[in-house]
Amino acid sequence: MIIDITQGLSPGMAGFPGDAAYEEAWTFRLGPGCPVNVSRVSFSVHCGTHADAPLHYDATGAPAAALPLEPYIGPCRVIDARGAGPLCMPSGIAAALDDAPPRILLRLMDALDPKRWPGGFRALAPETVELLASRGAMLAGIDTPSVDPESSKTLAAHHACRKAGMRILENLALAHVEPGDYELIALPLKFENLDASPVRAVLRLF
């Protein structure tokens, strides 16, 4: 059984305020004298479900193409980490980490509406990233647009991930997923120079 946890991409979807919007158009259309449809897209690499590369928050960090692929495929655990506070704290997930695989996906919000920007979305405390790292996590995924609050200028959670060598998935769709253990497949595209990449993220039941 395959469970799609990817946010769809379409015109009008919400993006980080000020970032490039998702746009699509046709280069060729099927018709008399043209045997094919060919489309093109323009969008921020942070639209929809994506993997952050270290270059996103570190001037000397690796781009998407240089990311090792092992963190993006393998056993993972989905944890319901919803709560009232603006940050997911270590105490909110510690009990769910016993014998956890090295990829952790955190459900932080009730539901995802790709057409609306979720202002004030829940993010990760850097201490939570440190807890995950101490338990051997190589990847942290969330269903909000960023592991840091949208107003953050220090990006403490991103830098905690950088320090731990932990990879980041953002904008997952987890509202329809039961907590538990799965196999994650969420490979980034091989962008040689860019700071992030869209992924098609899926879960498979063991």
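**View 1. The buried residues of helix α2 pack against β4 (50-52), β8 (123-124), α1 (126-134) and β10 (167-170).** Contact here means heavy atoms within 4.5 Å, and helices (H or I, at least four residues) and strands (E, at least two) are DSSP runs, numbered from the N terminus. This is a predicted model, in which local features need pLDDT of at least 70 and side-chain atom pairs count only at pLDDT 80 or more, while totals for chains, interfaces and linings use all residues. Residues are numbered from 1 along each chain as its sequence is written, and side-chain values use heavy atoms, leaving out hydrogens and water.

**View 2. Look along α2 to find its buried residues: Ala157, His158, Ala160 and Cys161.** They cover an arc of only 160 degrees around the axis, so they sit on the same side of α2; the arc is that of the directions from the helix axis to the C-beta atoms.

View 3. Not counting residues up to four places away in sequence, histidine 158 touches Asp52, His56, Tyr57, Ser146, Val147, Asp148, Ile168 and Glu170. Proline 54 is 104 residues from histidine 158 in sequence, yet their C-alpha atoms are 8.6 Å apart.

**View 4. Strand β5 (residues 73-80) pairs with strand β11 (residues 180-185) in the antiparallel sense, over 6 bridges.** Two strands pair if DSSP finds at least two bridges between them. Isoleucine 73 has isoleucine 185 of β11 as its bridge partner.

Terms used. Buried means under 20% relative accessible area, exposed over 50%, partly exposed in between (1.4 Å probe, protein chains only).
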